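Student: I am new to this structure and would like a close look at a single part of it. Could you take the salt bridges and walk me through them, then show me what lies around them?

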Amino acid sequence: MKFTDLFSGHASLYATARPSYPERVIAELASLAPERSQAWDAGTGNGQSALLLARSFEHVHATDASEAQIAEAFAHERVHYAVEPAEQCSLPVASCDLVLAAQAAHWFDPDRFGAEVRRVLKPGGIVAAIGYGWWYVDPQVDAIIGERLLKPIEPHWLPGNWLLVDAYRDLRLPGEEVRLTPAAIHLAWERHDVEAYVLSWSVVQKLGTDVTVDAFTALRKVWPDGEKRHVTMPIVSRVHRV
């Protein structure tokens, strides 16, 4: 089936620029699952969350509709990668304890993905959508990013972007909601790490790097080369038991 391909053209940059998730978030999701036999990581990208799932589950089926993304994925003996859309995977009926979509669910067709989740989950299984949206450094850097980057690109966000920015409040998943413990990604980044992360955004890839010039020029004046700063990315999540 056709899919909205927003990341294949810069899969290598995505693999190096995107942060991973706190281990305790994945461990908490695993603790909610009825068993630890198999997890499905839908929209795995380069497999960051699949590797974390492999610490808790005997088997991880990690899929992405982008062949280029799968080509950049990290190998692991308990992770099987497949080029498959989240709306149509090859897993058999009632074969999964957990379905995870990390930084991905906002790009899926909610009805078709929901039907596939119901098909592959065991009774009492967990479906979880997690992601990282807004991020913070310090007042000076945050003001530059907000005024010189986010405002100019805001009219170009796709509906999926807005789902994530709005903390998945309107994301539709099957089953009854379960709450996760609040968490955040904490990073010690240099300025070039922030720049690489911004360049990996689908909207920046669509508009071109010219949209980043003003913000990046301003950042270089206040953030010296080689200086690490604390970056905080709150985790957004929706978790349901089916």
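**A close look at the salt bridges**

Tutor: Let's begin with Arg 229, which is buried, with a relative accessible area of 14%. Please keep in mind that this is a predicted model. The side chain of Arg 229 meets that of Glu 227 in a salt bridge, with 2.6 Å from N to O. Glu 227, for its part, is partly exposed, at a relative accessible area of 30%. A network can also be found: Arg 191, Glu 195, Arg 220 and Asp 225 are joined into one by salt bridges that share partners.

How many salt bridges does the structure hold? There are 17, and two further ones are worth a visit.

One of them lies in helix H5, which spans residues 110–120. Here Glu 116 forms a salt bridge with Arg 119, and the closest N and O atoms are 3.0 Å apart. The two residues are three apart in the helix, so about one helical turn separates Glu 116 from Arg 119. Are these partners buried or exposed? Glu 116 counts as buried because its relative accessibility is 8%, under the 20% cut-off. Arg 119 is partly exposed, with a relative accessible area of 26%.

The other pairs Arg 169 with Asp 166: their side chains meet in a salt bridge at 3.1 Å, N to O. Arg 169 is exposed, with a relative accessible area of 58%, while Asp 166 is partly exposed, at 31%.

Now for some nonpolar side chains. Trp 134, Tyr 136, Trp 162 and Val 165 form a nonpolar patch on the surface, and together they have about 390 Å² of accessible area. To find Tyr 136, look in the loop between strand S5 (121–132) and helix H6 (139–153). Tyr 136 is partly exposed, with a relative accessible area of 39%.

Which way do the side chains point? Gln 38, Trp 40 and Ala 42 point one way from S1, Ala 39 and Asp 41 point the other way, and all are buried. In a regular strand, side chains alternate between the two faces of the sheet. S1 runs parallel to strand S2 (residues 59–64), and five bridges join them. As an example of who faces whom, Ala 42 stands opposite Thr 63 in S2.

An unreviewed UniProt entry carries the annotation "domain: Methyltransferase type" for residues 41–128. Over residues 41–128 the chain is 25% helix and 32% strand, and the end C-alpha atoms are 10 Å apart.

Finally, what about the cysteines? A disulfide is a covalent bond between the sulfur atoms of two cysteines. A search of the whole structure finds zero disulfides. Cys 89 is in no disulfide, and its nearest cysteine sulfur, that of Cys 96, is 6.9 Å away. Cys 96 is likewise in no disulfide, with the sulfur of Cys 89 as its nearest cysteine sulfur. Cys 89 is buried, with a relative accessible area of 10%, and Cys 96 is buried too, with a relative accessible area of 0%.

How values were computed: Residues numbered from 1 in each chain as written. Predicted model: local features only at pLDDT ≥ 70, side-chain atom pairs only at ≥ 80, totals over all residues. Heavy atoms only, no water. Patch = residues over 30% accessible without salt bridge, like charges linked within 9 Å, V, L, I, M, F, W, Y side chains within 5 Å. Areas by Shrake-Rupley, 256 points an atom, 1.4 Å probe, with all protein chains shown as cover. Salt bridge = Lys/Arg side-chain N within 4 Å of Asp/Glu carboxyl O. Helix = DSSP H or I, 4+ residues; strand = E, 2+ residues; numbered from the N terminus. Buried < 20%, exposed > 50% of the residue type's maximum accessible area, 1.4 Å probe, protein only. UniProt positions renumbered as here; feature names shortened; annotations may be inferred. Disulfide = S-S within 2.5 Å. Pairing = 2+ DSSP bridges.
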